Amino acid sequence: MGESDYLPLFETRVAKGRLLYWLYALSMLIGIALICVYRVKHFPPNEELKTWAWTGLFMAELWYISYWLVTQFVRFNPVYRSTFKDRLSNRYEEVLPGIDIFVCTADAELEPTVMVINTVLSLMAYDYPPEKLNVYLSDDGGSELMFYALLEATRFSKLWLPFCRKFNIEPPAPSVYLSSIVKMHDIDVSLAKERQYIKKQYEEMNERINENMKLGRIPDELRKQHKGFREWESNASRSDHQTILQVLIDGRDLNAVDTEGKPLPTLVYLAREKRPGYHHNFKAGAMNALIRVSSRISNSPIILNVDCDQYSNNSESVRDALCFFMDDEQSHDIAYVQYPQYFDNMTKNDLYGNYFRVVNEVELPGIDANGGPLYIGSGCFQRRDTLCGKKYERESTITWKKDNGIRVKESANLLEETGKILAGCSYEENSPWGKEMGLKYGCPVEDVITGFSIKCRGWRSICFSPKKRAFLGVAPTTLLQSLIQHTRWSEGQFQIFLSKYCPFIYGYGKIPLKLQISYFVYNLWAANCVATLFYIVIPSFCLLKGIILFPQLSSPWVLPFTYVFTVKYAYSLYEFLWCGGTLKGWYNDQRMWLYKRVTSYLYGFFGTIMRSLGFAKLNFVITSKIADYDVSRRYEQDIMEFGADSSMFIIIATIGLFNLFTFIWISERVIINRQSVDLDSYALQIILNGLLVIINIPVFQGLFLRKDKGCIPSSVTIESLIFAVTVYLLALY
Ligand SMILES: O=c1ccn([C@@H]2O[C@H](COP(=O)(O)OP(=O)(O)O[C@H]3O[C@H](CO)[C@@H](O)[C@H](O)[C@H]3O)[C@@H](O)[C@H]2O)c(=O)[nH]1
Ligand SMILES: [Mn+2]
């Protein structure tokens, strides 16, 4: 191919409207500078409490300013990518690389087996040569129920894959497609007929799986169906068992075909060895076992990693991803392609801010322009060699024909035997695994730290966000689950900041400065807690005490404060709406940021510090992917779910109540008693207090007005009342 007929496999567009953005940012900078001038010029030197409060508030503001500046780095110039899949197949159809797909599951109760096999089936149904697809399920729960469900999926795939192929079924996840309502007369007769048949088969399969789930074990007559069940005969328990490796479909086997006689993708079940004396390193450990075992069986040059709830919603994602890996001129230094995480159980106004609209649609594309997005675990295509520690070298180019995996000759039985050793506990002892090889250990966000070190070896990454989402998963449906998930994330991120992997230190000279700073947006999530706690408690406290902290309404200094505040929030609202959100959704999102900051981030902040001092151990609380009927109903109606006796709720309720008391106190003085409150001086403090009351309305409902099971438990109510009243009285007397 000559230079002139080079046609790229992907294209990059830069976002529009940058000039307006710069004007906004510049005006904010001026406002911020004026606020600082005000704080310094009006500093109250010898007024005890006021001096303290003023200093604290100013420090909180300085923190916000610095953090805001950091967040500008991921907004400079977001880039958006698009692919040319037809060029890919014209050029490379014959030499398309093998793909190893890793699905991780860890708990058959929190992650229902039916959901997991839906994910597996959707991935098997990619529009891609089946002999080049290899799906691995890693089951850290080591559950025979999971194994049984996968066995059922193996059988069902023989019907499902030809059906998907024939009718271009989207999404290729059976539960989603088959439960969608279609008007039978709108579709082709043959489709309608087959759909009905498949649906029946699917429902029967579900019933069998669920029966056994209820039973909690696999009956003997079923156990006879597959040799794999023998592995559970020796008193295997979740945390103490040998490696279980079973090739359920061997893609090389000429008899492994679907109902149309076409080959099936390889399907492997793996439960790595677990022993009490060995730390299993959570998902990172599972991934590393998968990397090794798959290298023995299929060794594909490209790996796709998804969480067990993230089913494929777009059967073309593999081809999209390959456009980024196989371009002749732009691909040589691309290590991974990350699809943003999306969920299919979203409600319109997204009460818990799970959608991450702005992160997914603005920030990740912004970081893409700075050197590539973070690796966020699920929905990521990677080059195997970069995961295994390879450095980028300018001269080395990948030739897909040659590097296209090995086709091993051994029988599946032999592969199972030899592969087992690779997933054993002692295999990693004194080895570089978890350090220089594979995913890194010891960090709750193993993905982020791994992706970061890949970049530091010279690679870049790509964020790809097609309109038709590539993967859809299950978002948390209660406030507590969401807050706990964010505790893990913020803790992991902050750990990176404090460790030798701090982007400024480790990334120095290896990645561009703008990329180092981009990482701080997330690394420093946790650190936001202190400034926020100060800002939402102290101004109200001072209001009760009669201490003025902001400029008078009649003074010109009020302008920068109101300007910065309103324009910052107006811009944030604009950004949110631009990403497809609703006004109510934005309001909910603001509340969630507030709650995350005073609970998750607070716990993450101190958790990391405690851990680095050796007082606490790393933990990984798995996010539940189920919800009972009542909880789901409330979730769908956007009613905030408390219902648990959690210290996080005590913090939230205490802050809410304290601000409410303050609000009642000041309202009473202004409106009912008509006492002379110096409104001119206290206006900003009163407005801030009022806003905090408004944003906490769901908490007050949960405390006093609701009677359902999701309301705030009385123990939490009593404790937070005691705390809030104490602070209130402390301020007044
Ligand atoms: O010991 C474990 C714990 C978890 N998992 C799996 O890891 C995945 C992620 O766990 P989940 O509870 O769903 O966490 P999330 O917070 O939703 O996950 C995000 O954040 C994690 C890091 O905190 C990343 O590992 C994930 O890929 C990313 O999707 C799931 O498939 C689990 O089955 C394991 O395989 N082994
Ligand atoms: Mn998840």
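Which helices do the buried residues of helix 7 pack against? Good morning, and let me begin there. They pack against helix 4 (113-124), helix 5 (144-167), helix 6 (174-179) and helix 8 (220-223).

Before I continue, some ground rules. This is a predicted model, in which local features need pLDDT of at least 70 and side-chain atom pairs count only at pLDDT 80 or more, while totals for chains, interfaces and linings use all residues. Residues are numbered from 1 along each chain as its sequence is written, chains are lettered from A and ligands numbered from 1 in the order in which they are written, and side-chain values use heavy atoms, with hydrogens and water left out.

Helices here are DSSP runs of H or I with at least four residues, strands are runs of E with at least two, and both are numbered from the N terminus. "Buried" stands for under 20% relative accessible area, "exposed" for over 50%, and "partly exposed" for what lies in between, with a 1.4 Å probe and protein chains only.

Let me return to helix 7. This helix covers residues 189-215, which is 27 residues. From its first C-alpha to its last it reaches 39 Å, close to the 39 Å expected at 1.5 Å a residue; that expected span is 1.5 Å times one less than the number of residues. Its buried residues are Leu191, Ala192, Arg195, Ile198, Tyr202, Met205, Asn206, Ile209 and Asn212. Just after the helix, Gly216 adopts a positive phi of about 85 degrees.

I turn next to helix 14, residues 446-456. Because 11 of its 11 residues are buried, this helix is largely enclosed by the rest of the structure. Among those buried residues are Val448, Phe452, Lys455 and Cys456. Gly458 follows helix 14 and has a positive phi, near 105 degrees.

Now to the strands. How many residues of strand 6 are buried? In strand 6, residues 266-271, the count is 6 of 6. Thr266, Val268 and Leu270 point one way, whereas Leu267, Tyr269 and Ala271 point the other way. In a regular strand the side chains alternate between the two faces of the sheet.

Strand 6 also has partners, where pairing requires at least two DSSP bridges between two strands. With strand 4 (residues 133-139) it pairs in the parallel sense over 5 bridges, and Thr266 is the bridge partner of Asn134. With strand 5 (residues 244-249) the pairing is antiparallel, over 5 bridges, and there Leu267 stands opposite Ile249.

Next come the salt bridges, each defined by a side-chain nitrogen of Lys or Arg within 4 Å of a carboxyl oxygen of Asp or Glu. By this rule the model holds 37 salt bridges. I shall describe some of them.

In one, Arg81 joins Asp368, with the closest N and O atoms 2.6 Å apart. Arg81 lies in strand 2 (residues 79-83) and Asp368 in helix 11 (residues 357-370), so this pair ties together parts that are 287 residues apart in sequence. Both Arg81 and Asp368 are buried.

Another joins Lys166 and Glu194, at 2.5 Å from N to O. This pair links distant parts of the chain, since Lys166 belongs to helix 5 and Glu194 to helix 7, 28 residues apart. Lys166 is partly exposed because its relative accessibility is 46%, and Glu194 is partly exposed at 26%.

A further salt bridge connects Arg460 with Asp333, the closest N and O atoms being 3.0 Å apart. Arg460 is in strand 11 (residues 460-463) and Asp333 in the loop between helix 10 (317-325) and strand 9 (334-338), so the pair ties together parts that are 127 residues apart in sequence. Arg460 counts as partly exposed at 25% relative accessibility, while Asp333 is buried at 15%. Finally, Arg634, Glu641, Arg706 and Asp708 are linked in a network of salt bridges.

One loop residue deserves mention. Glu231 sits in the loop between helix 8 and strand 5 and is buried, with a relative accessible area of 13%. Its C-alpha is 6.7 Å from that of Ile244, although the two are 13 residues apart in sequence. Leaving aside neighbours within four places in sequence, Glu231 has contacts (heavy atoms within 4.5 Å) that include Gln242, Ile244 and Lys420.

I close with helix 1, residues 18-41, and Ile30, which is found in it. Ile30 counts as exposed because its relative accessibility is 51%. Thank you.
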